[in-house]
Amino acid sequence: MSHYHSGDFEEMEDEYDMNEPVEGEDEYQELVVRDSDAEEEDDADQLHKLSDTSAADARSGKDIQGIPWETIEVTRETYRQARLEQYKNYENIPNSGEAAMMACKSTEKGRTYYEFRRNTRSVKSTISHFQLRNLVWATSKHDVYLLLHYSVLHWSALNGVDTEIMDVHGHVAPSEKHPGSLLEGFVHTQISTMAVKDNLLVAGGFQGEIICKHLDREGISFCCRTTYDDNAITNALEIFNTSSGALHFIASNNDCGVREYDMERYQLFKHFRFDWPVNHTSLSPDGKLVIIVGDDTDALLIDANSGKTINSVKGHLDYSFASAWSPDGLTFATVLGDGRGSRLCPHL
């Protein structure tokens, strides 16, 4: 992603009118819970008063987000159409959105891939940067991990209770001693991304921080800083098991680096560098290939062991921010952000 400064988002909002309301939006905004810190307590009270929306509610006509459209002078369809026509998304490459609209094929509707089950507004997550959204993880049908400001929470869909797992607002330091671990830890860490798998939670920060916590242990297991580069944002994390069963994770950073860490030995295992900031990586099911996407229109398919580029995948017209493999190990998809939103491009 582009080099991040604390005022960048505000500048982009001004340039792209990201906060400019569409026609009819003023009435809708009155229904939305406010986000200012000064009103957090009121927000919490209001969130708990809002009722959940179930699948049965949705089938009976209730809006899945709980918005009472019948009380305002605009319909959901009208609002959505106006938003699509008037909202201008952030573009890394000028006019990429219009070009993508002409190049991409529209999918035909008619099949259902997901069914709505439930929407709850009793728990709230925080997204600090609009391009970094890997901050909500579901490890099962009932266990969700999310970020609320400086707190990493676990929320149970069974009882609706959220529990704080880690607070990074103050001083965070490892309680275990491992070679390479930053024993002094960090203070006031702003989390940019995280991942949870096999009882391991890994959080990455805007200054290249890495914080690892085993959910079945007390305290923090491991802390390190991936880089001291000025452009150090940790953009994405992926936890995986090697062919031998060892627990590893991959960190994608804005300093153009991809790093693999061994959580059995708590140390850096591999480090590959590229020509542009890396926004996301995905390891193939067999562990032999890695998709690399970032601040370039091309995606890279590399050898997971050597880091050598096997193929350069073309097709995007703007930078990419996500990728994923099909379980068959033969197909993968990359997602770019352009002037009309996110677009999915499958590759065989």
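The dialogue below takes up a predicted model.

Q: How do the strands of a sheet pair, and in which order do the four strands stand here?
A: Strands of a sheet pair through backbone hydrogen bonds, in a parallel or an antiparallel way. Here the open sheet runs in the order β9-β10-β11-β12, with antiparallel pairing.

Q: Which strands stand at the edges of this sheet?
A: β9 (191-197) and β12 (222-225) do; each has a single partner strand, so one side of each has no neighbour in the sheet. On average, neighbouring strands are turned by 15 degrees against each other, direction ignored.

Q: How many bridges join β10 and β11?
A: β10 (residues 200-205) and β11 (residues 209-214) pair over five bridges. In one of them, leucine 201 has lysine 213 in β11 as its partner.

Q: What describes a pair of aromatic rings?
A: The distance of the centres and the angle of the planes describe it. The whole structure holds five aromatic pairs. In one of them, tryptophan 69 and tyrosine 79 have ring centres 5.9 Å apart and planes at 45 degrees, so this pair is tilted. Tryptophan 69 is in the loop between α4 (55-59) and α5 (76-86), and tyrosine 79 is in helix α5, ten residues apart. Tryptophan 69 and tyrosine 79 are both buried.

Q: What are the distance and angle for phenylalanine 222 and tyrosine 266?
A: Their ring centres are 6.0 Å apart and their planes at 40 degrees, so this pair is tilted. Phenylalanine 222 belongs to strand β12 and tyrosine 266 to the loop between β15 (257-262) and β16 (267-273), so the pair ties together parts 44 residues apart in sequence.

Q: Are phenylalanine 222 and tyrosine 266 buried or exposed?
A: Phenylalanine 222 is buried, at a relative accessible area of 1%. Tyrosine 266 is buried, at 6%.

Note on methods. Residues numbered from 1 in each chain as written. Predicted model: local features only at pLDDT ≥ 70, side-chain atom pairs only at ≥ 80, totals over all residues. Heavy atoms only, no water. Pairing = 2+ DSSP bridges. Helix = DSSP H or I, 4+ residues; strand = E, 2+ residues; numbered from the N terminus. Axes fitted to C-alpha atoms, helices over the stretch in contact; angles between N-to-C directions. Phe/Tyr/Trp six-rings, centres within 6.5 Å; stacked < 30°, edge-to-face > 60°. Buried < 20%, exposed > 50% of the residue type's maximum accessible area, 1.4 Å probe, protein only.
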